[in-house]
Amino acid sequence: MSGTFVGMPAFPRAAREAVRDTTLRGNLRHATRTIRDKRARAVAELDDWAALREAGKQIKDHTLRHLDRYLVQVEEAVTAAGGTVHWAADADEANEIVARLVEETGESEVVKVKSMATQEIALNEALEARGVHAYETDLAELIVQLGKDRPSHILVPAIHRNRGEIRDIFRSEMSEWGRPAPENLTDTPAELAEAARLHLREKFLRAKVGISGANFVVAETGTLVVVESEGNGRMCLTLPETLISVVGIEKIVPRWQDLEVFLQTLPRSSTAERMNPYTSMWTGTTDEDGPRTFHLVLLDNGRTDTLADEVGRQALRCIRCSACLNVCPVYERAGGHAYGSVYPGPIGAILSPQLRGTGSEIDASLPYASSLCGACYEVCPVAIDIPEVLVHLRERVVQGGPAVRGGNRVVLKPAKGHAAERAAMRAAQWAFTRPGALRAGQRLASRTRRLHPRTLPGPGRAWSGSRDLPAVPAEPFRDWWQRTRGGKDGAK
Amino acid sequence: MRVALFLTCVNDTLYPDTGRAVVRLLTRLGVEVDFPTAQTCCGQAHYNTGYRHEAEPLARRFADVFAGYEAIVTPSGSCGAMVRELYPRMGERARAEGRGDTLAAVLAPVVPKTYELTEFLVDVLGVTDVGAYYPHTVTYHPTCHGLRSLGLGDRPRRLLEAVKGLELVELPGAEECCGFGGTFAVKNSDVSAAMGADKVRNAESTGADVLCAADNSCLMHIGGTMARLRTGMRPVHIAEILASTEEAVAA
Amino acid sequence: MSSRERVLGRVRRALADVPADARPYEEAVARDYLREHGQRSVAETVDLLAENLADYRAIVHRCAEEELPGLLARLLSAHGSRTVVVPPGLPAQWTAAADVTLVQDLAASTAPELDEVDSVVTGCAVAVAETGTIVLDGSPDQGRRRITLVPDHHVCVVRVPDQVVPSVPRALERLDPARPLTWISGPSATSDIELDRVEGVHGPRTLEVVLLGGS
């Protein structure tokens, strides 16, 4: 995925920095708590939420089960409607296709609608290398781009920034990219939004090429759907002469009617609105309305590898709503950057190690970036059992085993760095299958209990650095039970 | 009714008071309790850390030890969830790995008759007033696996509300994880500690003397944090509150 | 091998272990959810639309057919609009009373030209009560997508109750996917600063919706 994330440290180390950053903690706490309560209220308005969630899950599962057929159907429908379909097996292929299409227009700048797929493949960097400037037009993406920063949230990539920091970025950076920020810009959100409006207006009005992703692609009609709030999406989708949409192959839904499920669940799950301000739907090209040329780039980039995993494939149901990030207590404290991917939070912890594999230090650490509390699964509008996939990926990390990488079946070796843990788990298993050994260990602990410290040296500090150890009792329960037959002897 | 107490390895080793409380409580309610001493561990820590294959012998052992009982009661939401939610999944995975139906068949009998303590009291025995007396201000933390995997709902709250002398106060952010998470507590100790500290601050803000939960592993983390932060509160397992009577008041 | 064949081949291999699923689409998805939420009279559905439009900061007006020209004249005047873009199929009498220069929606007009226009007046294809949404489908009374995007003030006339549906499922039943569709729920907004909603970004910052009744 994005080159900007290469060489990221493992999650625990990155998270340690974030936990100590009080500004970041405050920003994330404020933003996620605001949206958490609002989401709960928006969802509670629909008394058929559980049925919508189940239908969303079933639509996605059915599509994935027959993905080859639906991909071909998309290709036929989009082509029939006047669009051109391209296929990209990986990020390099997708970037090459888009760069070539832009070059063919003779343009050297493009406007972009916020799109996770193009973030994932680091399209902006690839275009820059070919002399094409890509302007992000979503407010949060603009903040990230101007601040030379990395995204930290799926829906609100600049969630780690508060209004004061955003004002400072606008003041110092906007002039380098185009229209400067107004004099005396304050940190009120309305003024910041206005500054973005003015800054981007000139870019929208002169843009000849727009680049987008899509939230949904309807196979039977060839219709693409972009769900947004600000109107930057509409600008990029309708004003340019050429539109290029890069879409992951898992974004397909079979039928037009399927949108009735997701247009109810997505806005309520993401921005906690009954409906987001703008949704655009287009099918190929329309005479004298919108772009004259439309290209759809269908992106694999690890998705078929994910599809090959019978437990992990449910991650492909994801509609990128961000509800799991907003409710996650680990995300709230670690922040999005610690996940080392454009996909942070619980969904990122199961998506990145599948799309990229578990070979790197960061990807091997992501399945452990969760207390398995299950809050993510509870709010997921397509019922992805994120804890189940996390545990499954932990197994892949420590035990290795069969997997598919780049379309090829491979047998993964157990990851490094788990030798001591593996030995401990095996030792525990040995003791737990021999109650006599367990009992001997318990008794030893009880007899030496006065010698036990409340804090531990070395690796034990991971526990006792912040928590006292529990006191070991005078005898384990099983000794009391055997001594008193469960208190029946009257002994205490 | 004759039931088996599945105490869990953590309670057996570190929290025998909870085990004694369960025995006292159930006996008082007319239940004959047995503690099969061949029991050890359900395998949850192995399973959730990625050692599913190492967890399998422990699950088989559990099924073997407890198969003969009418009901299996455990004072742990997460170990209860391990049996009820994850044992069937272990069976499915073994089948998917081409190892046949044996594991699924061995584990299946114990799954439906395993109950977390508060479920057993409310659903099986049909009681909410267990005749307890506990003269303290208490706040209740619903632990994640009890809350979300087992769906304990308001059962613990109903039991606590019926305890004489007990004042129950609302815990802000109650449904948010305390940060224990098994091996998460050491693998991601900084985030775990931050979550624990927030939980303890919320608990302190209630003015309660006692933070109560139905899982001692979470209470070990919360209690260890309380001690380190030098709060005046203490963690108490719900079984110890419910077992307490006017004749024998628990601390 | 082309990338197309490579991707399709990977998909087929990835699914090789999955038991054959002969269930057709119709049986694979249980549509146990509601077609609409709650039971409402036609008038109540229109009221809900008005309420939800207003909740997301659209300004809602109601009038009868004969009052419309006067109302539109007042709204445009109050906004200080001197130029108004109109789609080709907008009834001429709607804007007859307004003291404005009408700008036609032409294929040749450019985005910078539209940026000089003060307001746009359109009809709509359908309006969704439960979500407070109006949907435009590019019909002659609605025009090209950009005319409702670039000007800063959009006045949209909804014929009630004919164009009002209760819910999202009912709206999709009425719409033609072959047309370019724009679903609008309030003026443009963003949640990008501290996840709090602020109205007014790139799309029209003022959205006025006229619920046009029969008499």
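1. Chains B and C do not touch; their nearest C-alpha atoms are 10 Å apart. Of the two pairs of chains that touch, A and C have the most contacts, where a contact means that the C-beta atoms of two residues, placed from the backbone, lie within 7 Å.

2. This is a predicted model, in which local features need pLDDT of at least 70 and side-chain atom pairs count only at pLDDT 80 or more, while totals for chains, interfaces and linings use all residues. Residues are numbered from 1 along each chain as its sequence is written, with chains lettered from A and ligands numbered from 1 in the order in which they are written.

3. Eight strands form an open sheet with mixed pairing, in the order S8(A)-S5(A)-S6(A)-S9(A)-S9(C)-S6(C)-S5(C)-S8(C). Strands (E, at least two residues) and helices (H or I, at least four) are DSSP runs, numbered from the N terminus; two strands pair if DSSP finds at least two bridges between them. S8 (252-253) of chain A and S8 (164-165) of chain C are at the edges with a single partner strand each, so one side of each has no neighbour in the sheet.

4. Within chain A, S6 (residues 223-228) and S9 (residues 278-283) run antiparallel and are joined by six bridges. A:Val227 is opposite A:Thr279 of S9(A).

5. Chain B has domain 1 (2-124) and domain 2 (137-243), with bounds from an automatic or database domain assignment. Their C-alpha centres are 22 Å apart. Domain 1 of chain B gives 26 residues to the contact and domain 2 of chain B gives 22 residues.
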